[in-house]
Amino acid sequence: MADKYKVPETHPDFRLNKRHYSNAELHLVAYSFIKEGEAFEEKIGSFLLDWIKPSKYVEVKTSGSTGKPKIIRIKKEQMINSAIATSRFFDLPEKTTALLCLPATYIAGKMMLVRAMVLGWQLDMVPPSSNPLDQVFKRYDFCAMTPFQLDNSVGRLHLIKKLIVGGGAVSPRLQKMVKEVSTKVYETYGMTETVTHIAAKRLNPSKNRKKSRPFKVLPNINISQDDRGCLVIKAPKLSDEIITTNDVVEILTYKKFIWKGRIDNVINSGGIKLHPEQIEKKLSKIIDQRLFVTAMPDDSLGEKLVLFVENEFSEDFLQKLEREINELKSLEKYERPKKIYFIEKFEETHTGKIHRENTFKSKVN
């Protein structure tokens with residue numbers, strides 16, 4: 001059968017919750033997770049069974065952050081290549097101690113298991129939750145989290161030496177919060193189709209530079225732009241196809257790029273193209289509350305820029321904000337919001353991200 005594939009034996013240093021398992025023993029542990037484990041262990045058990053099956057592919061559900069969630073097939077060989085690239089880029093050799101706090105439903109959780117089995121890591125599991133470090137009392141070399149989990153874990157981050165954050169952009173507010181922590185915190189760029197991250201940038205470099213760092217791509221990744229200015233990824237070891245994204249970028253060198261925002265979020269105001277993500281970054285320098293900017297129809301401009309701030313309405317605060325926005329030198333003339341709305345509590349997605357569309361509708365309708 002063409003789909004036959006023999007998965008490599010687990011690394012001799014691999015440990016899952018302090019115990020080594022061979023491929024044959026993984027069968028047994030996977031079944032016990034499915035039959036007797038908690039819901040999150042059941043998902044881990046299902047993935048482990050998929051992994052040791054003599055099939056070339058694993059079926060993975062996309063998160064749906066860039067469209068409707070769908071099931072895609074990824075080659076196990078590509079997952080192994082991704083694990084090796086991560087190990088080299090972040091310097092994570094065998095016997096690395098790692099914490100799995102992401103669900104094994106999606107690629108990020110699955111890849112933590114693959115890295116441990118292939119690279120010989122010592123992996124412990126905790127239930128995926130918004131505050132995964134709350135019941136953790138030992139130190140780990142490595143962990144992966146969502147921005148939402150990081151937001152709730154800053155006080156206990158000293159337990160992790162290196163942390164990667166993915167699954168959504170890290171807000172300027174959160175970047176400020178991790179500036180002084182001892183953990184090396186990296187924001188990653190990637191998607192299910194690229195078998196997690198293909199680039200990363202340090203959020204709290206030891207030399208505290210004013211300008212934010214660009215993303216640096218992992219080994220064997222080639223980047224370019226299409227005619228819309230969006231990122232095109234050629235990663236032969238991770239994907240059989242060239243991947244065209246909807247992410248507007250500025251390419252600095254063949255290894256580095258700056259992410260500007262999603263092309264679907266671009267606002268065309270009076271013929272000027274505005275990137276909400278860039279404007280939000282500037283506004284976060286003067287606003288501590290959660291915020292986002294979006295477009296509203298306008299007779300003369302086509303679309304006008306409006307700002308939403310998570311705060312109860314206050315005339316004094318509104319006047320103070322308007323004054324500070326006018327004085328903010330980094331904002332271009334067209335980047336100044338035409339109207340400011342206050343909302344006591346933003347609508348959120350199931351992963352804790354701001355649900356812009358629903359929040360906007362709740363205020364405007």
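Before anything else, a note on terms: domain bounds here come from an automatic or database domain assignment. For this protein chain, that assignment gives domain 1 (13-218) and domain 2 (265-360). I looked up the separation, and the C-alpha centres of domain 1 and domain 2 lie 32 Å apart.

Ground rules for the rest. This is a predicted model, where local features need pLDDT of at least 70 and side-chain atom pairs count only at pLDDT 80 or more, while totals for chains, interfaces and linings use all residues. Residues are numbered from 1 along each chain as its sequence is written, and side-chain values use heavy atoms, with hydrogens and water left out.

**Entry: a helix pair**

Helices (H or I, at least four residues) and strands (E, at least two) are DSSP runs, numbered from the N terminus. I took helix H2 (residues 39-52) and helix H3 (residues 76-90) and asked how their axes cross. The axes come within 11 Å and cross at roughly 110 degrees; axes are lines fitted to C-alpha atoms, for helices over the stretch in contact, and angles run from 0 to 180 degrees between N-to-C directions. H2 and H3 are therefore roughly perpendicular to each other. My cut-offs: under 35 degrees is roughly parallel, over 145 roughly antiparallel, 65 to 115 roughly perpendicular, and the rest oblique.

Contact means heavy atoms within 4.5 Å. On the H2 side I listed Phe47, Asp50, Trp51 and Ile52, and on the H3 side Lys76, Met79 and Ile80.

Two strands pair if DSSP finds at least two bridges between them. I traced an open sheet of 12 strands with mixed pairing, in the order E1-E5-E4-E6-E7-E8-E9-E10-E14-E13-E12-E11. Strand E1 (15-16) and strand E11 (222-225) stand at the edges with a single partner strand each, so one side of each has no neighbour in the sheet.

At the E1 end, E1 pairs with strand E5 (residues 122-125) in the parallel sense over two bridges. Strand E4 (residues 97-100) also runs parallel to E5, joined by four bridges. Which residue in E5 is the bridge partner of arginine 15? I found glutamine 122, and glutamine 122 is also the bridge partner of threonine 97.

At the E11 end, E11 and strand E12 (residues 230-234) pair antiparallel over four bridges. There, glutamine 225 stands opposite leucine 231 in E12.

**Entry: the three-strand sheet**

Next I looked at an open sheet of three strands, E17-E18-E19, again with mixed pairing. Strand E17 (291-298) and strand E19 (339-343) take the edges with a single partner strand each, so one side of each is left without a neighbour in the sheet. The twist averages 35 degrees from one strand to the next.

Strand E18 (residues 302-310) and E19 pair in the parallel sense over five bridges, and valine 309 stands opposite phenylalanine 342 in E19. Helix H7 (residues 276-283) packs on this sheet, touching E17 and E18, and its direction makes about 130 degrees with that of E17. Helix H8 (residues 315-327) lies across E18 and E19, running at about 135 degrees to E19.

**Entry: aspartate 298**

I finished on aspartate 298, which lies in strand E17. Leaving out residues up to four places away in sequence, aspartate 298 touches Glu303 and Lys304. Aspartate 298 and glycine 270 are 28 residues apart in sequence and 9.4 Å apart in space, C-alpha to C-alpha.
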